Amino acid sequence: LTITSNDPAQKTVHFPIYLDKNIAPVIKAPTSIVYAKEGTPTIVNVVITDPNQDGFTIHFDENEGIASIKSCLAIGDEEVIITKVNENTYEVGENEKGVTLSLVLNPDYESKGMYKFTVSAKDTRNNFSQSTVNYFVEHTNRAPIAKTYRNIDIAVGEVSDVIEFADMFE
């Protein structure tokens, strides 16, 4: 941009303007609360695309240790270079269709409550986007686990010792 004026000290001023139409990666994740049951793995799929077909880096963040990345796969039959940087980060090469990040929620029997995880994506031009998914772990009753218990022989006409059921199960 060039501006000219009648100022004798500085008749012309040049301002560089950079126009970058590049768009940040798009993350399609569940917008409503995801429900998972204690003791039962639940899969959550998140789709990441870049409208400009740039390569991008995906980062997953969850502090509770319940959710983790199961896989990061290209959508369709497109061959895409996908590199696992660490347990929570993948680098994805240039592509048209994007990738599906499959996450597994694996709550134990003491995990009832509300949690969240975040997926972020940053393309090669430093455009950044992120999405936070809230999930609720529902309480589930677990079946009792039988302990190994000794056999008891009772002769005809005799009475057995008292056996507490609590001693027979974990």
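Hi everyone. Let me start with a definition: two strands pair if DSSP finds at least two bridges between them, and strands are DSSP runs of E with at least two residues, while helices are runs of H or I with at least four, all numbered from the N terminus. What we have here is a predicted model, where local features need pLDDT of at least 70, side-chain atom pairs count only at pLDDT 80 or more, and totals for chains, interfaces and linings use all residues. Residues are numbered from 1 along each chain as its sequence is written, and side-chain values use heavy atoms, with hydrogens and water left out.

First, the overall picture. The chain has 12 strands and zero helices. Its radius of gyration, taken over C-alpha atoms, is 29 Å, well over the 15 Å that the globule rule (2.2 Å times the number of residues to the power 0.38) gives for 170 residues, so the chain is more spread out than a compact globule. Along the principal axes, the C-alpha atoms fill a box of roughly 120 × 40 × 25 Å. Of the 170 residues, 31% count as buried, where buried means under 20% relative accessible area, exposed over 50%, and partly exposed in between, with a 1.4 Å probe and protein chains only.

Now to the sheet. Four strands form an open, antiparallel sheet in the order β3-β5-β10-β7. Why is one side of β3 and of β7 left without a neighbour in the sheet? Those two, β3 (26-28) and β7 (67-74), stand at the edges, so each has a single partner strand. For β3, the pairing with β5 (residues 42-49) is antiparallel, over three bridges, and V26 has T49 in β5 as its bridge partner.

F56, I58 and F60 make up its covered face, and T57, H59 and D61 the uncovered one. As a reminder, side chains in a regular strand alternate between the two faces of the sheet. Four bridges join β6 to β9 (residues 89-92), running antiparallel, and F56 stands opposite V92 there. With β11 (residues 113-123), β6 also pairs in the antiparallel sense, over six bridges, and I58 stands opposite A121.

I58 leads us inside. Leaving aside residues up to four places away in sequence, I58 touches, among others, I48, C72, Y90, L101 and V119, a contact being heavy atoms within 4.5 Å.

Finally, the rings. Rings of Phe, Tyr and Trp (its six-membered ring) pair if their centres lie within 6.5 Å; planes under 30 degrees apart count as stacked, over 60 as edge-to-face and the rest as tilted. By this rule there are four aromatic pairs. Y35 and F136 are edge-to-face, 6.1 Å centre to centre with 65 degrees between the planes. Y35 lies in β4 and F136 in β12, so this pair ties together parts that are 101 residues apart in sequence. F60 and F117 form a tilted pair, at 5.6 Å and 55 degrees, linking β6 to β11 across 57 residues. Both F60 and F117 are buried. Ring pairs also link F60, Y115, F117 and Y135 into a cluster.
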